[in-house]
Amino acid sequence: MRTAVVVGAGLGGLAAAGALARSGWRVTLLERADRVRPEPTAVVLWPNGVRALHALGLGAGLDAIATPLPDGGVRRPDGHWLVQARPTPAERMPVVVHREDLHDALIAGLGDRVELRTGVAVDTVRVGPGERPAVGAGRQLVEADLLVAADGTDSQVRRQLAPEAAVVSSGCAAWRAVIPWYRAPRLTTDRPVGGEVLGAGYRFVAASLGERGSSGASRRGGIYWVATAVGASRPEPPETQLALLKRWYAGWPAPVGELLDATDPADLVQQEVRELRPLPRAYGFPAGPGGAVLLGDAAHAMPPHLGQGACLAFEDAATLSSLLRESRLPDAVRAYDRLRRPRAATVVRQTRRMSAVLQARGRLALRARDAALGTISPRLLSTAATAAAQWRPPTS
Ligand SMILES: Cc1cc2nc3c(=O)[nH]c(=O)nc-3n(C[C@H](O)[C@H](O)[C@H](O)COP(=O)(O)OP(=O)(O)OC[C@H]3O[C@@H](n4cnc5c(N)ncnc54)[C@H](O)[C@@H]3O)c2cc1C
């Protein structure tokens with residue numbers, strides 16, 4: 001039986017480990033944390049991410065926990081429309097999912113061929129000609145035919161296999177929360193909350209998770225919001241961070257103020273936004289009869305402006321699993337590298353163009369940014385949405 005070691009049990013590692021196990025591989029999944037626990041936030045999945053989850057055999061579970069996210073348009077803080085809301089064809093409509101629900105679905109997909117070892121921080125990597133790949137954690141050494149590095153932005157495995165890639169700050173920080181319905185009684189109930197507000201260096205996006213009062217599959221419904229602000233993450237306690245957010249976003253159009261008022265400091269998840277720059281020169285490393293691959297943020301961490309990080313991680317997992325069904329292992333590793341590098345490079349390029357537009361500050365830059373948002377950004381968003389919608393797993 002073919003064996004794989006997957007490093008990291010985030011969204012990407014769980015998806016890859018489950019897919020390999022369902023194709024008959026025996027998988028060891030190593031996770032540094034003591035428990036596999038997702039953040040209590042949500043994630044937007046674009047059609048490519050949804051299609052990848054379907055290709056991984058997880059589509060039915062996803063349908064039960066996902067809420068469609070209609071295009072809510074983009075406004076300025078004074079309420080002026082930069083991009084009007086438009087009806088979105090069903091095949092281009094993203095969905096929003098609570099990360100805990102997504103994790104549950106991915107964990108359920110692991111089956112009994114995955115041995116999950118938590119509290120194991122990989123610190124050494126062996127990938128060389130003529131040798132089976134292996135990773136070490138303290139005194140443990142785990143050898144396998146295939147090594148999947150899904151250990152996130154600070155990947156230890158990538159540091160060794162692709163030392164040219166560097167982790168840098170994207171120049172902004174993000175705050176997220178999911179507010180249960182009962183804590184936001186004043187928000188409209190007749191249509192989904194959605195849409196985006198964009199100011200000088202600040203952005204706020206909100207989305208409904210399920211419907212108020214619905215008895216759907218998810219018990220974690222409510223309203224998800226994410227705020228991005230240019231600058232470093234804040235060292236103060238969550239109460240102070242929330243007070244700062246309320247000052248920064250004061251006077252922004254509804255429902256921004258209501259959502260911040262309904263947020264409990266304990267709900268707040270803050271994160272410095274970081275990215276890989278440059279990207280690794282390779283994503284696949286054939287080694288002897290097997291090889292290693294980089295997957296998810298370990299391969300292509302990027303700012304969340306187009307909501308594509310997790311989507312690409314699922315594409316990676318679906319591509320890998322499809323190639324491994326069709327080809328011998330070292331050939332599949334080479335093909336994975338060939339297919340995934342240009343794909344990730346395209347999405348990262350689109351994301352960086354959005355970063356430049358979103359982070360424009362100063363009056364001149366702002367005027368240029370508003371003009372860009374009115375003309376370039378709808379085109380850019382539509383190109384990104386088209387690229388997202390068009391992706392197919394290699395053999396489907
Ligand atoms: C504010 C924000 C909003 C976002 N919104 C979206 C969105 O709407 N849509 C979208 O598609 N994407 C979004 N993303 C991106 C998405 O969250 C990530 O791309 C995705 O979670 C990456 O998953 P991963 O499994 O590759 O990495 P991670 O989630 O980072 O998982 C890596 C795992 O590896 C473990 N690990 C690390 N080092 C080791 C080691 N040495 N040994 C063992 N284990 C190790 C970690 O503990 C972790 O569990 C967003 C990101 C941010 C910051």
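**Working through the model**

Tutor: A place to begin is Arg176, which lies in strand β13, residues 167-179; please keep in mind that this is a predicted model.

Student: Is Arg176 buried or exposed?
Tutor: Arg176 is buried, because its relative accessible area is 8%, and the cut-off for buried is under 20%.

Student: What does the side chain of Arg176 make polar contacts with?
Tutor: Its side chain makes a polar contact of 3.2 Å with the side chain of Glu39, and another polar contact, of 3.5 Å, joins the side chains of Arg176 and Thr41.

Student: And which other residues does Arg176 touch?
Tutor: Leaving out residues up to four places away in sequence, Arg176 touches a set that includes Ala42, Arg99, Tyr224, Trp225, Asp267 and Gln271.

Student: Changing topic, which residues of the largest nonpolar core touch the most other members?
Tutor: That core has 77 residues, and Leu45, Leu102, Leu146 and Phe314 are the ones that touch the most other members. Helix α9, residues 309-326, gives the most to this core, with nine residues.

Student: What is Leu102 in contact with?
Tutor: Setting aside neighbours within four places in sequence, Leu102 is in contact with Leu11, Val43, Leu45, Leu53, Leu62, Ile65, Val97 and Phe314. Apart from this core lies another, of 24 residues, and among them are Trp181, Ala206, Leu259 and Leu268.

Student: Which residues are buried in helix α6?
Tutor: In α6, residues 238-248, the buried ones include Gln241, Leu242, Leu244 and Leu245.

Student: Why are they on the same side of α6?
Tutor: They cover an arc of only 160 degrees around the axis, and therefore sit on the same side of α6. An α-helix has 3.6 residues a turn, so residues three or four places apart point the same way. On the other side of α6, Glu239 and Arg247 are exposed.

Student: What do the buried residues of α6 pack against?
Tutor: They pack against β13, β16 (222-230), α7 (256-261) and β17 (269-276); β13 is also the strand in which Arg176 lies.

Student: One last topic: how many disulfides are there?
Tutor: The count comes to zero disulfides. Cys172 is in no disulfide, since the nearest cysteine sulfur, that of Cys311, is 18 Å away, whereas the cut-off for a disulfide is within 2.5 Å.

Student: Are those two cysteines, Cys172 and Cys311, buried or exposed?
Tutor: Cys172 is buried, with a relative accessible area of 1%, and Cys311 is buried too, with a relative accessible area of 0%.

Methods. Residues numbered from 1 in each chain as written. Predicted model: local features only at pLDDT ≥ 70, side-chain atom pairs only at ≥ 80, totals over all residues. Heavy atoms only, no water. Helix = DSSP H or I, 4+ residues; strand = E, 2+ residues; numbered from the N terminus. Buried < 20%, exposed > 50% of the residue type's maximum accessible area, 1.4 Å probe, protein only. Polar contact = N/O pair within 3.5 Å; in protein donor to acceptor, adjacent residues only side chain to side chain. Contact = heavy atoms within 4.5 Å. Core = buried A, V, L, I, M, F, W, Y, C linked by side-chain atoms within 4.5 Å. Arc of directions from axis to C-beta.
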